[in-house]
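Here are my notes for your first look through the model. Please keep the viewer open as you read.

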Amino acid sequence: MRFGVVVGILYCLQFSRELSEQEVERIAHMILEQPFSDLTTGEAYASVEAALAENSWERDLSWQPHDEPSIRDFLRRLLERLDELRPWQEPLFRALGLGRWEEFKRGTLLAYVRLDSPAKDLVHRRLRSVPGDEHQLRGLVLRLRSGDQVAVVAPPLPGGYDAVLMAVRPHRPVAEMTEAFQTHTGYPRERVSPAAQRWWEARSGGTLPPGVHPLRD
């Protein structure tokens, strides 16, 4: 994964004419606030550090405009800036693996979530098909800066825009969990309907993604 982080950084720089200090600042805060994949800041830092330790990069980087010496210099400055920003806060949210997927599918229903198009919706864009799920559900398990863990569960595409927000017990009160999700992901409030608001069910038909069976209090 170590060079994968470098490639992710380069994609974010491919339209930058200069690898300036402003770009160092932008990428540093991106790593801190919007981590690549499910990596912690420490793991991303270590990946960049390991890539810099390689004497030669035997990869085709011709698709981006900056030469290898410039890239290496940028990455060194990036690590220096990340060091200056220690101690690192937890990111606003971080994707976790799907190891507890079955627990979330049968956990507590927190809210109904109306997804936007993937082009506009970071949460929707990060949903992935769950390997082996008999209903071909898509999912995203998140650890929020608050420490809460939630899962967004959606039916397969096309047409799978009515998702649910789930949690696994023990957890904080439902309203607090839903608020944390909205706060840390920046998700629009008009697209999140607490499960207790039955008007949403009346409007949407009350459909849960197939195979999702929430706990009943």
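1. Gln136 sits in the loop between β3 (128-129) and β4 (138-144). Helices (H or I, at least four residues) and strands (E, at least two) are DSSP runs, numbered from the N terminus. The phi of Gln136 is near 60°, a positive value in a residue other than glycine. Gln136 is exposed, at 55% relative accessible area. Exposed means over 50%, buried under 20%, and partly exposed in between (1.4 Å probe, protein chains only).

2. A word on the source. This is a predicted model: local features need pLDDT of at least 70, side-chain atom pairs count only at pLDDT 80 or more, and totals for chains, interfaces and linings use all residues. Residues are numbered from 1 along each chain as its sequence is written, and side-chain values use heavy atoms, leaving out hydrogens and water.

3. Look next at the largest nonpolar core, with 26 residues. Such a core is a set of buried Ala, Val, Leu, Ile, Met, Phe, Trp, Tyr and Cys residues joined through side-chain atoms within 4.5 Å. Ile9, Phe74, Leu75, Leu78 and Leu82 have the most contacts inside it. At least two of its residues come from each of α1 (2-13), α2 (21-33), α3 (41-53) and α4 (68-84). A second, separate core has 22 residues, including Val152 and Phe181.

4. Check the two cis peptide bonds listed here. Arg86 to Pro87 is cis, with omega near -5°. Pro87 lies in the loop between α4 and β1 (93-96). Arg169 to Pro170 is also cis, with omega near -5°. Pro170 lies in the loop between β6 (162-167) and α7 (174-185).
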